[in-house]
Amino acid sequence: MKNPAQTAFDPEAYLATAGVGRKIVRFMEGHVLFSQGSRCDSVFYLQKGRARLTIVSAAGKEATITVFTAGDFIGEACIAAAAGPHLATATAVTGCSALKMERKEIIRVLHEQRAFSDLFIASLLVRSMRTQADLVDQLFNSSEKRLARVLLLMAEFGQPGEVADDKTLIPPITQQALAEMIGTTRPRVSFFMNRFRKLGYVEYKERIYVHRALLNVILHDQVSGANFQNASLLDEGRDESEAARHRAKSLRAISRS
């Protein structure tokens, strides 16, 4: 016989409202949800806005790991058996609202509500697949294709709830931040962005509009004409050495783990 409470539980309603052990919090652009090294004691469910996860090395170099959009869980490592410090920093890229759930509360609802557990596990699996795709992207794709992929992810083309428009305004982001995300330099990002603009894939002055046609770079390598030939000559050797550096970093990271 089904438990009435279990049947009546609505994960979407739960994640949209405050209650015991959870509250709705709002962050302005640039505000920190949690910092690297701080105590890992809660999970955030992003209701609206964008955020990014960054990590700082011992030498002080910062790198962007991933970008979060509405519907993502952030800081889920706190539910581990032995919760330790955060390994990275989560920062609002735009104005954000999120449901902040205490560790004790999210563990409770995971144990008691199967519908919530299913949703949470599905979210973690999507995140895992995205992380694997990011790793493959870094190891095998050129910096141009990595940039195109990041822009398309930020524009959320192909995501649930996307608008039907041919172009999408993405959150404010600097070329330096894009360079950190794809593992290259700001001048190279500037070069590719200028080429994307000439080909009609993006529009930008202060903000960036991404056109659906940018999918051609990912799906068909459809960058034609003199620009393609010139870029290929410029990229030859650079991308090979760059990919080698990324592979070496990944192998060192695996050997240390």
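## Helix crossing

The model is predicted, with local features requiring pLDDT of at least 70 and side-chain atom pairs pLDDT 80 or more, while totals for chains, interfaces and linings use all residues. Residues are numbered from 1 along each chain as its sequence is written, and side-chain values use heavy atoms, without hydrogens and water.

Helix H5 covers residues 143-155 and helix H7 residues 186-198; their axes come within 10 Å and cross at roughly 70°. Axes are lines fitted to C-alpha atoms over the stretch in contact, with angles from 0 to 180 degrees between N-to-C directions. H5 is therefore roughly perpendicular to H7 (65 to 115 degrees).

## Second largest pocket

The second largest pocket has a volume of about 250 Å³. A pocket here is an open set of points on a 1 Å grid where a 1.4 Å probe fits, with protein on both sides within 12 Å along at least five of seven lines; lining residues have an atom within 4 Å of a point. Of its 15 lining residues, Arg52, Ala92, Val93, Pro172 and Ala177 are the closest to the centre.

Strands E4 (51-56), E5 (62-68) and E7 (89-92) each give two or more residues to this lining, and E7 has the largest share, 3 residues. Because domain 1 (11-112) and domain 2 (141-220) both contribute lining residues, the second largest pocket lies between them.

Technical notes
Grid points are joined across faces, edges and corners, and a volume is the space filled by probe spheres set on the points. Helices (H or I, at least four residues) and strands (E, at least two) are DSSP runs, numbered from the N terminus. Domain bounds come from an automatic or database domain assignment. Angles under 35 degrees count as roughly parallel, over 145 as roughly antiparallel, 65 to 115 as roughly perpendicular and the rest as oblique.
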